[in-house]
Amino acid sequence: MHAFDILGDPVRRRILELLAAGEQPAGAIVEAIAEEFGISQPAVSQHLKVLRDSGFATVRTDGRRRIYAVEAGPLQEVDEWLGVFRGFWTQRLDALGTELMRGKRGSAS
């Protein structure tokens, strides 16, 4: 599956956001996602499987618990790909900053 197919799903993006804060037990992920999206435990488990199988998340066992963590590698690849386009919004943000500064100087007179 292509990285954007993985990241195109809002549930998987939210799971990655949760994991970005640090390792999470499967139960906590299921609880948060079920509350936010109203989906079942098996549906959340399927999203976790997709994230694992695609390399976006890792899992380890701690006794009977499964602990998930985000895997940075695929996200770095996405960031590198986006780097080609970053100049488009960086230039616009720089221009906006210039215009805002001009506005501040003009209003201070």
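## Nonpolar core

A nonpolar core is a set of buried Ala, Val, Leu, Ile, Met, Phe, Trp, Tyr and Cys residues joined through side-chain atoms within 4.5 Å; buried means under 20% relative accessible area, exposed over 50%, and partly exposed in between (1.4 Å probe, protein chains only). In this predicted model, local features need pLDDT of at least 70 and side-chain atom pairs count only at pLDDT 80 or more, while totals for chains, interfaces and linings use all residues. Residues are numbered from 1 along each chain as its sequence is written, and side-chain values use heavy atoms, with hydrogens and water left out.

The largest nonpolar core holds 20 residues, of which Ile15, Ile29, Ile33, Leu51 and Phe56 touch the most other members. Two or more core residues are given by each of α1 (3–7), α2 (10–20), α3 (26–37) and α4 (41–53); the largest share, 5 residues, comes from α2. Leaving aside residues up to four places away in sequence, isoleucine 29 touches Ile15, Leu19, Gln24, Val44, Leu48 and Tyr68, where contact means heavy atoms within 4.5 Å.

## Chain and secondary structure

The protein chain has 5 helices and 3 strands, arranged along the sequence as α-α-β-α-α-β-β-α. Helices (H or I, at least four residues) and strands (E, at least two) are DSSP runs, numbered from the N terminus.

Of the 109 residues of the protein chain, 24% count as buried. Among contacts between residues at least 6 apart in sequence, 48% join residues at least 24 apart.

## Sheet

The 3 strands form an open antiparallel sheet in the order β1-β3-β2. β1 (24–25) and β2 (57–62) stand at the edges with a single partner strand each, so one side of each lacks a neighbour in the sheet.

Two strands pair if DSSP finds at least two bridges between them. The antiparallel pairing of β1 with strand β3 (residues 65–70) extends over 2 bridges, and the bridge partner of proline 25 in β3 is isoleucine 67.

## Surface

The accessible surface of the protein chain comes to about 7,400 Å², of which 54% belongs to carbon and sulfur atoms. Areas come from the Shrake-Rupley method with a 1.4 Å probe; for residues, only the protein chains shown count as cover.

Phe4, Trp81, Val84, Phe85 and Phe88 form a nonpolar surface patch with about 520 Å² of accessible area together. Patches are made of residues with over 30% relative accessible area and no salt bridge, like charges being joined within 9 Å and nonpolar side chains (Val, Leu, Ile, Met, Phe, Trp, Tyr) within 5 Å; a salt bridge is a side-chain nitrogen of Lys or Arg within 4 Å of a carboxyl oxygen of Asp or Glu. Helix α5 (residues 72–108) supplies the largest share of the nonpolar patch, 4 residues. Phenylalanine 4 is found in helix α1 and is partly exposed, with a relative accessible area of 36%.
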